[in-house]
Amino acid sequence: MTKTKTKLKLIAVVTLVIFWAGSVTYYYNQVLAAKPKAYTYSGISDLYLLARIIRAEAEGEPYAGKVAIAAVILNRVRHPGFPNTIAGVIFQPGAFESVANGRFWSLLPNRESIKAAYDALRGWDPTYGALFFWNPAKKVSRWIWTRKIIARIGKHVFGR
């Protein structure tokens, strides 16, 4: 009986891994096929990193809020005041609470976060060029409130 349960668990895990890998591959292939002008891709790692930060920072937010998180990161990549890679922006010290507190590392991207990353990479920016976002319900630096507010999506405020 124990061997049967172990085999069933192993089959379930393998099935989930195959499903997840298929989702990432599908969206990555869609990104490559589209060849958008909005961003130059450096590989599947960009899509994966964006999807992972979306899941960590915007879980429970509306879909547009998830895309907005990725859009802010892409806006920073294009801005001369920030690192010029997605990884550089995400791992910039102190830039994202979910990286600092470990949430980024504890969650894998889900289908919706992968799709949101794909949409942002295709050029959708519901923030209209925002470089910052924050949740006003959480304790934040007073400095962030000096930024011009451009949009409010879900629980986040987006600014420049």
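## Basis of the model

Because the model is predicted, local features need pLDDT of at least 70 and side-chain atom pairs count only at pLDDT 80 or more, whereas totals for chains, interfaces and linings use all residues. Residues are numbered from 1 along each chain as its sequence is written, and side-chain values use heavy atoms, with hydrogens and water left out.

## Strands

Strand 3 (residues 156–159) pairs with strand 1 (residues 132–134) in the antiparallel sense through 3 bridges, and Phe 133 stands opposite Phe 158 of strand 3. Strand 2 (residues 149–153) also runs antiparallel to strand 3, over 4 bridges, with Arg 152 as the bridge partner of Val 157. Strands are DSSP runs of E with at least two residues, helices are runs of H or I with at least four, and both are numbered from the N terminus; two strands pair if DSSP finds at least two bridges between them.

In the hairpin of strand 2 and strand 3, 2 residues lie between the strands, and Gly 154 takes a positive phi near 60°. In a regular strand the side chains alternate between the two faces of the sheet.

## The largest pocket

The largest pocket holds about 660 Å³ of space, a volume being the space filled by probe spheres set on grid points that are joined across faces, edges and corners. A pocket is an open set of points on a 1 Å grid over the protein atoms alone, where a 1.4 Å probe fits, with protein on both sides within 12 Å along at least five of seven lines, and lining residues have an atom within 4 Å of a point. Its lining has 27 residues, of which Glu 57, Ala 95, Glu 97, Phe 133 and Trp 134 lie nearest the centre, and helix 2 (44–58), helix 5 (97–100) and strand 1 each give two or more residues to it.

## Aromatic contacts

There are 9 aromatic pairs in the structure, counted where ring centres of Phe, Tyr or Trp (its six-membered ring) lie within 6.5 Å, with planes under 30 degrees apart called stacked, over 60 edge-to-face and the rest tilted. The rings of Tyr 63 and Trp 124 have centres 6.0 Å apart and planes at 35°, so this pair is tilted. Ring pairs also link Phe 82, Phe 132 and Trp 143 into a cluster.
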